[in-house]
Amino acid sequence: MAFLIRQTLIYAVPLMVVALAGVFAERSGIINLALEGIMIFGAFIGVLFVHLVQKWGWFEAAKEVGNWGAMQLFLLMAMAVSAALGMVFSLLLAFAAINLRADQTIGGTALNLMAPALVLFLIRVINNQNTMQMFKGDSASWFMLKKKMLGITGSNFFIDTFLNKVYLTTYICVLVFIVLSVILYKTRFGLRLRSCGENPHAADSLGINVLKMRYHGVMISGALSGMGGFVYAMTTANCTANGEVAGFGFLALAVMIFGNWKPLNIAGAALLFGLFKCIAASYYSLDINGDGVYLLKEIGLSSNFYRLLPYLITLIVLAFTSKSSRAPKAAGIPYDIGSR
Amino acid sequence: MKKLLSVLIVLMLVLGLTVTCVADIAGADDIEDTMTSADGTYELAFITDVGQLKDKSFNQGTWNGVKSYAAEHGLSYKYYQPANGDQATDDDRYDAIKAAVDGGAKVAVCAGYMQGAALTKAADEFKDTMFVFIDGWPLTGADGNIMSNVAPVVFKEEQCGYFAGYALVKEGFEKIGFCGGGGGTNPACCRYGYGFAQGIDAAAAELGKTVDLNYSWLYGATFSASPELQTMVNGWYENGIEVVFACGGPMFDSITAAAAENDCFVVGVDSDQSYDSDTVVTSALKGVGEAAYLAIAKYYDGNWDEIAGTGINLGAAEGATGLPTETWSMQTYTVEEYEDMLAAVIAGELAVDDNYENLSDEALESVNLSIVE
């Protein structure tokens with residue numbers, strides 16, 4: 001059970017954060033189809049940062065003496081760098097969509113096409129191949145928190161699930177998710193941002209700078225997707241970047257729509273998807289209640305069925321819920337002050 | 001004085017020759033991967049199939065052999081990777097081979113069984129270029145004859161798989177996993193896996209215990225790391241599997257991440273992978289680099305005919321399969337015991353079956369085999 005929850009979180013957290021990135025952009029009135037592209041870029045930047053810092057030997061020393069605090073700091077820095085560069089990358093979309101009033105779908109698609117090409121090009125230049133790896137070792141032995149590191153010796157459900165074999169990034173992401181959700185709903189800034197996505201002319205008439213708010217929306221979106229990309233690469237791909245994130249950006253878009261542009265629903269949708277993704281890969285060794293019976297294995301269904309499940313479930317739930325789903329009204333429409 | 005000098009020079013030359021006769025490719029990782037030749041042509045070419053150049057294993061090992069020969073003999077060298085990464089098609093591989101030939105390659109080393117179709121076409125077309133087909137088989141040209149400009153190199157992977165499996169059980173592991181690449185269609189990986197299972201069986205029978213073996217080709221079809229593979233292996237470790245044989249290039253990444261998470265172990269493949277992760281307990285070695293070096297040397301020494309067409313099959317007797325003894329980390333099972341076994345295999349006293357069709361739970365008496373599919 002502890003294993004299932006841990007693994008589900010690992011799949012769900014990048015989805016959740018990147019879906020929230022989509023929410024911020026769309027709530028401000030910009031459709032951000034480029035989530036995938038920004039994730040790819042963010043993953044590359046984060047991995048490159050880890051690779052370089054390892055190469056320079058800055059944190060070798062910290063690992064030698066077992067200074068886990070320093071290692072985690074290093075991880076946070078990688079997250080921050082990928083978020084910052086993700087934000088910069090998203091400015092391309094913001095500029096095209098806000099200043100040039102270009103079609104946002106096309107702008108987003110352009111970034112999605114550009115990101116893998118650019119990333120692969122850079123990796124080839126730096127590394128002579130298509131994959132950027134850590135300079136040394138693997139992500140689990142460098143960055144994973146285990147209970148013995150934290151000085152915990154006991155063993156119960158809570159410790160095994162949330163304090164053993166976890167990445168700090170998971171909790172940072174959950175925290176960021178909560179804080180930003182509160183900001184979106186409970187602060188003046190959040191209200192203004194949302195108003196720009198519903199009725200920008202009304203917002204403008206009340207003195208809100210719509211273009212500025214939309215820039216904020218896209219930049220937050222870019223930072224979150226960049227960070228999400230790195231978290232994905234670190235926790236599920238052993239800190240490697242290869243110009244793809246297995247379609248997690250598009251899945252995040254689906255999760256956003258699935259979650260009806262609302263943070264709580266998105267968290268639920270991401271967890272559901274993550275759970276089935278996890279079951280698909282590990283059903284063979286899942287023992288939910290710890291009695292030594294591997295139920296899913298013993299049913300004897302084909303593994304293809306389990307691999308189908310996450311997508312099947314998403315389709316089914318979307319079919320039932322999409323009727324009541326409601327996108328921000330002004331999302332996708334360039335703001336033209338004279339078009340009232 | 002002059003005489004002394006000439007004697008010295010002759011001595012140096014002779015010494016130099018003996019040194020270069022032995023394929024020593026240690027330290028080849030430090031040779032630059034890219035070089036610029038004066039006339040823009042590259043005599044020695046290396047072409048990958050789907051995996052990455054720097055996979056810390058199969059491709060990297062072969063490439064090191066090519067680089068070593070080139071560096072020692074002052075030849076120009078270049079690597080070519082087909083377009084579309086792990087989705088590369090036969091056309092992509094043909095284009096890569098053609099690019100190598102157009103780039104002036106005299107000897108092109110093509111690594112991986114997937115090159116078959118592309119190489120058949122290319123070798124028939126470019127008869128003046130010599131191709132070394134690692135993990136390959138004799139190729140027939142359009143005229144119905146075996147092409148003499150292709151030298152396939154095959155290894156007895158079942159031997160090093162056997163050594164690794166045997167060593168693990170002797171070391172005390174009782175729950176073991178195997179993750180192979182190529183989806184069960186790659187003969188080399190199948191031989192590795194079958195040998196591994198036989199080794200486990202033999203050691204378990206000697207010790208009188210039954211060993212669990214999870215055997216899987218899942219998530220390995222393209223020889224790449226994936227979140228699904230990591231989760232699956234994570235689940236194995238969580239359920240008591242102590243060590244997994246990561247038999248498929250970059251799949252190593254996912255498996256070693258899962259192993260580090262659970263403080264468990266990994267067996268590397270093709271080259272000594274203990275430098276890449278602390279979780280590596282041993283590696284099933286096959287001398288891909290040495291084989292590439294050897295084949296290239298045959299060409300430049302004028303002995304290409306010895307390996308043309310039918311190629312070579314390398315095993316323990318040629319020093320091409322084994323376990324790395326310099327980085328030995330096992331405590332209970334010792335280097336001496338391993339070397340005795342190696343000697344037995346070389347002497348032919350111990351034969352490992354290479355027909356992987358025979359793999360079954362019934363045939364392995366002391367192994368509880370679960371095929372995960």
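## A tour of chains A and B

A:Met87 lies in helix α4 of chain A, which covers residues 68-99. Keep in mind from the start that this is a predicted model. Is A:Met87 buried or exposed? A residue is called buried once 20 or more other C-beta atoms lie within 10 Å of its own. A:Met87 has 22 C-beta neighbours inside 10 Å, so it counts as buried. Setting aside its neighbours within four places in sequence, A:Met87 is in contact with A:Met219, A:Gly222, A:Ala223 and A:Gly226. A:Leu168 is 81 residues away from A:Met87 along the chain, and the C-alpha atoms of these two residues are separated by 22 Å.

Now move along chain A to helix α12, residues 248-258. Of its 11 residues, 9 are buried, so this helix is largely enclosed by the rest of the structure. Those buried residues are A:Phe248, A:Gly249, A:Leu251, A:Ala252, A:Leu253, A:Val255, A:Met256, A:Ile257 and A:Phe258. What covers them? The cover includes α1, α2 (35-56), α11 (210-236), α13 and α15 (303-321) of chain A. After α12(A) comes A:Asn260, which has a positive phi, near 55 degrees.

Where do the two chains meet? On one side, 27 residues of chain A are in contact with 29 residues of chain B. The elements of chain A that each give two or more residues to this side are α1 (2-27), α6 (139-143) and α13 (263-282). By type, the residues on the chain A side divide into 9 nonpolar, 15 polar and 3 charged.

Next comes chain B, which has 10 helices and 13 strands. A compact globule of 373 residues would have a radius of gyration near 21 Å, and chain B agrees with this because its own value is 21 Å. A few overall values for chain B are gathered here.

| Property of chain B | Value |
|---|---|
| Span of the C-alpha trace along the principal axes | about 65 × 55 × 40 Å |
| Share of the 373 residues that count as buried | 55% |
| Share of contacts joining residues at least 24 apart, among those between residues at least 6 apart in sequence | 70% |

Chain B also contains an open sheet of 7 strands, in the order β12-β10-β9-β8-β6-β7-β13, with mixed pairing. At the edges stand β12 (321-322) and β13 (367-372) of chain B; each has a single partner strand, so one side of each is left without a neighbour in the sheet. Within the sheet, β6 (residues 175-180) and β8 (residues 243-247) of chain B run parallel and are joined by 5 bridges. B:Gly180 has B:Cys247 in β8(B) as its bridge partner. Helix α6 of chain B, residues 187-207, lies across β6, β7 (211-216), β8, β9 (265-270), β10 (280-286) and β13 of chain B, running at about 170 degrees to β6(B).

Finally, how is chain B divided into domains? The domain assignment gives domain 1 (36-155 + 289-317) and domain 2 (157-285 + 334-372) of chain B. The C-alpha centres of these two domains of chain B lie 28 Å apart. Between them, 17 residues of domain 1 are in contact with 19 residues of domain 2. Helix α2 (residues 58-73) of chain B gives the most to the domain 1 side, with 4 residues. That side of domain 1 divides into 6 nonpolar, 7 polar and 4 charged residues.

Technical notes
Residues numbered from 1 in each chain as written. Chains lettered and ligands numbered in written order. Predicted model: local features only at pLDDT ≥ 70, side-chain atom pairs only at ≥ 80, totals over all residues. Contact = placed C-beta atoms within 7 Å. Nonpolar A, V, L, I, M, F, W, Y, C, P; charged D, E, K, R; others polar. Buried ≥ 20, exposed ≤ 12 C-beta atoms within 10 Å, placed from the backbone. Pairing = 2+ DSSP bridges. Axes fitted to C-alpha atoms, helices over the stretch in contact; angles between N-to-C directions. Rg over C-alpha atoms; globule rule 2.2 N^0.38 Å. Domains from an automatic or database assignment.
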